[in-house]
Amino acid sequence: MSETLYIAKELISKKSITPDDAGCQDFLIQRLKKLGFEIEDMPHGKVKNFYAKKGSNSPLIVFAGHTDVVPPGPLDKWVSPPFEPTIKENILYGRGAADMKTSLAAFIVSIEEFLFDNPDHKGSIGLLITSDEEGVATDGTVKVIDALQQRQEKIDYCIVGEPTSSIKFGDTVKNGRRGSLSAKLNVKGIQGHIAYPELIKNPIHAVAPAIDDLVNTVWDEGNEYFPKTSWQVSNINGGTGATNVVPGNVEILFNFRYSSSVTADLLKERVEGILNKHELEFEIDWQHSGQPYLTEKGMLVDIISSSINEVCGFNPTISTTGGTSDGRFIAKLCDQVVEFGPINESIHKINEHVDISTIDKLKDIYKLTLTKALT
Ligand SMILES: [Zn+2]
């Protein structure tokens, strides 16, 4: 069996539902210690994190990832139990197969093979592993990065093992992510009987034209790296359940996915301006869950792209689409962060899986990237 496949299966068999690590990190640490890595445990609350490093010269290239997985959902819908790695027709099934235990396995084996082939390489290698990426992500990578920042650790290149491939393995590398800004908007009216419109103020009627205005606002045009900023309503709640009562308030949840052409503060200002223009009485509660980050085309994007080309035979698309990732935290102390990993079509779903034929290709791409960066 391929060593990468073996480690992926070992990790999948550990039931590490976020934020529980379930022994995954100890397993990885054992392998890294044998290679001469220095390990720093950096737990926060219930979350296990570690930072491992071999060498102290620059450039430092760090692999980053998470051992936690999302809950499996209804067990009877799975073709095989989610924490029993199972191979059927060259597909490996199990929770975390694509997001992102195969990437963790590929990190380890690529480093092992690279060190074996290049004992006198330049630079150094690190790993930053958390068990809090799929959850609230407040005690994971963000905390490790804070600690590294305080002691002025400098990371030159970082590869995050998130599943970024879309249709074909190797087709997409992420060089950034959009920002995410959410809000809970509460618009007030005056509750009363439908039959006496002069005594009531319908908050749903009041907010409707404002929503229309927000939907039709062009927030920016995007830029070379980012698509246009998008604004979406996710929930509307209002009403007592009775058809003859106008509610006293309506609550609207919405979210921005925004480009680097705008800022969260600018978006807040513009939204509140539109709400005021419609003379609404409102309260708004903002939640900023991620700044956008961007790695412009350069050394790391070039070497990972050419490594993919050597293994897969084509160049990947460089993209900033998709949800937020821990890349946003790492970008604070590393100018070049890219994300690359398996096909993401089945992630977080029932029957999450990865094609066995791509597992060692992923390892080879990481190994080639290490070779190009450190030899
Ligand atoms: Zn992930």
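In S15, Leu-185 has Ile-284 as its bridge partner. This contact belongs to the antiparallel pairing of S10 with strand S15 (residues 282–290), which are joined by 8 bridges. Strands count as paired here if DSSP finds at least two bridges between them. Strand S10 (residues 179–188) also pairs with strand S14 (residues 249–258), again in the antiparallel sense, over 10 bridges. Along that pairing, Asn-186 sits opposite Glu-251 in S14. Strands of a sheet pair through backbone hydrogen bonds, in a parallel or an antiparallel way.

The model is a predicted one: local features need pLDDT of at least 70, side-chain atom pairs count only at pLDDT 80 or more, and totals for chains, interfaces and linings use all residues. Residue numbers start from 1 along each chain, following the sequence as written.

Taken as a whole, the chain has 9 helices and 19 strands. Both are DSSP runs numbered from the N terminus, helices being H or I with at least four residues and strands being E with at least two.

Among the chain's contacts with a separation of 6 or more, 79% come from residues 24 or more positions apart. A contact here is a pair of residues whose C-beta atoms, placed from the backbone, lie within 7 Å.

Next come the helix pairs. Two packed helices are described by the angle between their axes and the distance between those axes. Helix H3 (residues 97–117) and helix H9 (residues 356–374) have axes that come within 8 Å and cross at roughly 50 degrees. That angle makes H3 oblique to H9. As for the terms, angles under 35 degrees count as roughly parallel, over 145 as roughly antiparallel, 65 to 115 as roughly perpendicular, and the rest as oblique. Axes are lines fitted to C-alpha atoms, for helices over the stretch in contact, and angles run from 0 to 180 degrees between N-to-C directions.

By class, the contact of H3 with H9 has 8 nonpolar, 4 polar and 3 charged residues. Nonpolar covers Ala, Val, Leu, Ile, Met, Phe, Trp, Tyr, Cys and Pro; charged covers Asp, Glu, Lys and Arg; the others, Gly among them, are polar.

H3 also packs with H1, at an angle of about 135 degrees and with the axes 8 Å apart. H1 and H3 are therefore oblique to each other. H1 passes H3 in a right-handed crossing. The contact involves Glu-3, Thr-4, Ile-7, Ala-8, Leu-11 and Ile-12 of H1, and residues of H3 including Ala-97, Leu-104, Ala-105 and Ile-108. In terms of class, H1 and H3 meet through 10 nonpolar, 2 polar and 2 charged residues.

An open sheet of 3 strands has the order S4-S5-S19, paired in the antiparallel sense. S4 and strand S19 (353–355) are its edge strands, each pairing on one side only. On average, neighbouring strands of this sheet are turned by 25 degrees against each other, direction ignored. S5 and S19 share 3 bridges in an antiparallel pairing, and Tyr-93 has His-353 as its bridge partner in S19. H9 packs on the sheet and touches S4, S5 and S19, its direction making about 75 degrees with that of S19.

Some loops hold backbone details worth a look. Thr-18 and Pro-19 are joined by a cis peptide bond, with omega about 0 degrees. Pro-19 is found in the loop between helix H1 (3–12) and helix H2 (24–34). Another cis peptide bond links Ser-58 to Pro-59, where omega is about 0 degrees; Pro-59 is in the loop between strand S2 (49–54) and strand S3 (60–66).

Positive phi values turn up too. Asn-90, a residue other than glycine, has phi near 65 degrees and sits in the loop between strand S4 (86–88) and strand S5 (91–93). Asn-90 is exposed, with 8 other C-beta atoms within 10 Å. Glu-279 is not a glycine either, yet its phi is positive at about 50 degrees. Glu-279 lies in the loop between helix H6 (264–277) and S15, and counts as exposed, with 8 C-beta neighbours inside 10 Å.

Conventions: Buried ≥ 20, exposed ≤ 12 C-beta atoms within 10 Å, placed from the backbone. Contact = placed C-beta atoms within 7 Å. Left-handed = near helix turned anticlockwise from the far one by under 90°.
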